[in-house]
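Dear colleague,

I am passing on the structure we spoke about, and my notes on it follow below. Please read them with the coordinates open beside you.

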Amino acid sequence: MQTVFVYDGSFIGFLSAVFEVYEYRATNAKIVAEQNYASSFFAENNEVTSNVAKAKRVWKGVLNVGESQDARLIYRGFLSELPDMEKVLLAYIRLLFDARKSIAKNFSEPEIMRLSQINKKIGREKHRMEAFVRFRKTKDQIYFSTISPDFNVLPLLEKHFTKRYADQLWCIYDVSRNYGIYYDLKKPEMVHLDLPTQILNSPESIFSEEELDYQKLWKNYFESTNIAARANRKLHEQHVPKRYWKYLSEKYLLEW
């Protein structure tokens, strides 16, 4: 009979579930996030409580027997949020613990090959977010940006923006996952906000007059430099995918 370990969807919860898989010596185990869980009469179900100590022991084991690349593949694979990713990650961790050395380049194993491919996709999404994030100054003097990436890459952006904008109050908010990172000039922290529906549609009520003036300047600049007869929309979309346009100030200021 298969044993299903149901966790809360967090990375700490996932690592806690891995710990319990080994603790209970469950050979036929499945780890499922509670939001994706459907009970089965033919499976033994265990509800996993997130435990920082257990999670740290698993992560320490990953770092001790593997290398930083193994840890990166596991963490970024988790952030992908792809269906059945827990199965791939558990298989990878088991292979790693059995090998007692890095397996990140052992592409003969399907789980390792898949994680390597996912890692490249996550890297591209992270790079695009670093390039396409646009801040707008609110009336509260906070530089605010909304994003909606395909993968949950927001945790990977923290270091880049903390270093680049260390002297500014800022917040990057993932509207599709309803959480963000807020930097208060000292440290970044995760926040959950009840965003007004007019955050994008009615900027006058949210953003500062100075910000609105800058947006008008941008609009005038784009209108004066754009040559409609020479526009190459296909090439443009290759460099700036259309799914990012709604969060770019130069896009909602200029009609295409």
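To begin with the sheet: which residue in strand 3 is the bridge partner of Val4? In this model, which is a predicted one, the partner of Val4 is Asn45. That pair lies between strand 1 (residues 2-7) and strand 3, two strands that run parallel and are joined by five bridges.

The sheet itself is open and consists of three strands in the order 2-1-3, with parallel pairing. Strand 2 (29-33) and strand 3 (43-47) are the edge strands, and because each has a single partner strand, one side of each is left without a neighbour in the sheet. From one strand to the next, the twist averages 25°. Helix 1 (residues 11-23) lies across strand 1 and strand 2, and its direction makes an angle of about 150° with strand 1.

As for Tyr92, if residues up to four places away in sequence are set aside, its contacts are Asp70, Leu73, Ile74, Ile103, Ala104, Ile112 and Leu115.

Terms used
Residues numbered from 1 in each chain as written. Predicted model: local features only at pLDDT ≥ 70, side-chain atom pairs only at ≥ 80, totals over all residues. Heavy atoms only, no water. Contact = heavy atoms within 4.5 Å. Pairing = 2+ DSSP bridges. Helix = DSSP H or I, 4+ residues; strand = E, 2+ residues; numbered from the N terminus. Axes fitted to C-alpha atoms, helices over the stretch in contact; angles between N-to-C directions.
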